[in-house]
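Have the structure open while you read.

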Amino acid sequence: MVLDLARMKEKLQTSESGGRSSKDNAFWKPTEGDQDIRIVPTEDGDPFKVYHFHYNLGDGARGGVLCPQRQFGEKCPICDFASKLWQEGTDDSKRMAKNLFVRQRFFSPVIVRGEEDSGVKVWGYGKTIYEVLLGLVLNPDYGDITDVDSGVDLSLNYTLPKAKGAFPQTNLVPKRKSSVLAKKDVVKEILNSIPEIDSLFQRRSTSDVQAILESFLDPSAGPMIGDVGVSAPSGVDDAIKELSA
Ligand SMILES: [Zn+2]
């Protein structure tokens, strides 16, 4: 029996982070300044995953609530409520509606250069970066930037907001030269250790989402059903700001 070092590492990380689950460790967030990353190809041929969240629903739903309608084609009480508010047409109701409307968030598996030992992480980003990435893939000069033999690393520059209320900026530049993802014998290991992104977010039923909405609208009505939302490490404000990053 050989000790499972990856498992031991995970246990240590969980312990060091005060018991936060390994789900928290699955995410990668850029730090201010420059870093190089490599997007890892997924088996289904689409490493740019789209998710739909509602934010601003109070502390009980920090990290956002997956929208049952946009994500799974089921009825969504928050979407219904937000469009009703919008139709009311007052300044207040429209502002609140905007806060509750569904927002897209994008996730890709990545290897962070210099931190290869940490394995594949999940990077969450906003629509601007999503479109940059798709643009690269569709640009014949680059093509499949995730190819394990001939893809390219991406230089990512991240700037924290200087003023209160401003947004962080993410800038992506592909390397000029293509490179391998990793040494041949390591590539397989990397491809086999891509986190299951779906499993990082809690799927909620229509009635659970209804309960979250009711509890948000009337906090005195009692405890909310279900656990704290997504395990994404950021707070609500951060999550909103990152949408524009
Ligand atoms: Zn919704």
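## A look around the model

At 61% relative accessibility, Leu5 counts as exposed, where exposed means over 50% relative accessible area, buried means under 20%, and partly exposed is in between (1.4 Å probe, protein chains only). You'll find Leu5 in helix 1 (residues 5-16); helices (H or I, at least four residues) and strands (E, at least two) are DSSP runs, numbered from the N terminus.

A quick note on what you're looking at: this is a predicted model, where local features need pLDDT of at least 70, side-chain atom pairs count only at pLDDT 80 or more, and totals for chains, interfaces and linings use all residues. Residues are numbered from 1 along each chain as its sequence is written, and side-chain values use heavy atoms, leaving out hydrogens and water.

Now for the whole chain. The protein chain has 9 helices and 8 strands, and 40% of its 245 residues count as buried.

Next, helix 5. Which residues of helix 5 are buried? They are Ser93, Ala97 and Leu100. Seen down the axis of helix 5, these buried residues fall within an arc of 65° (taken from the directions from the helix axis to the C-beta atoms), so they line one face of the helix. The face turned away from that buried side carries the exposed residues Asp91, Asp92 and Arg95. What does the buried side pack against? Its partners are strand 3, helix 4 and helix 8, with contact meaning heavy atoms within 4.5 Å.

On to the interior. A nonpolar core is a set of buried Ala, Val, Leu, Ile, Met, Phe, Trp, Tyr and Cys residues joined through side-chain atoms within 4.5 Å. In the largest one, which has 19 residues, Ile37, Trp123, Tyr125, Leu133 and Leu154 touch the most other members. Helix 6 gives the largest share of this core, 4 residues. Apart from it lies another core of 15 residues, including Leu57 and Leu100.

Ile37 has a list of neighbours of its own: not counting residues up to four places away in sequence, Ile37 touches Trp28, Val110 and Leu156, among others.

Here are two residues side by side:

| Residue | Relative accessibility | Class |
|---|---|---|
| Leu5 | 61% | exposed |
| Asn56 | 21% | partly exposed |

Asn56 sits in the loop between strand 3 (49-54) and strand 4 (65-66). Its phi is near 65°, a positive value in a residue other than glycine.
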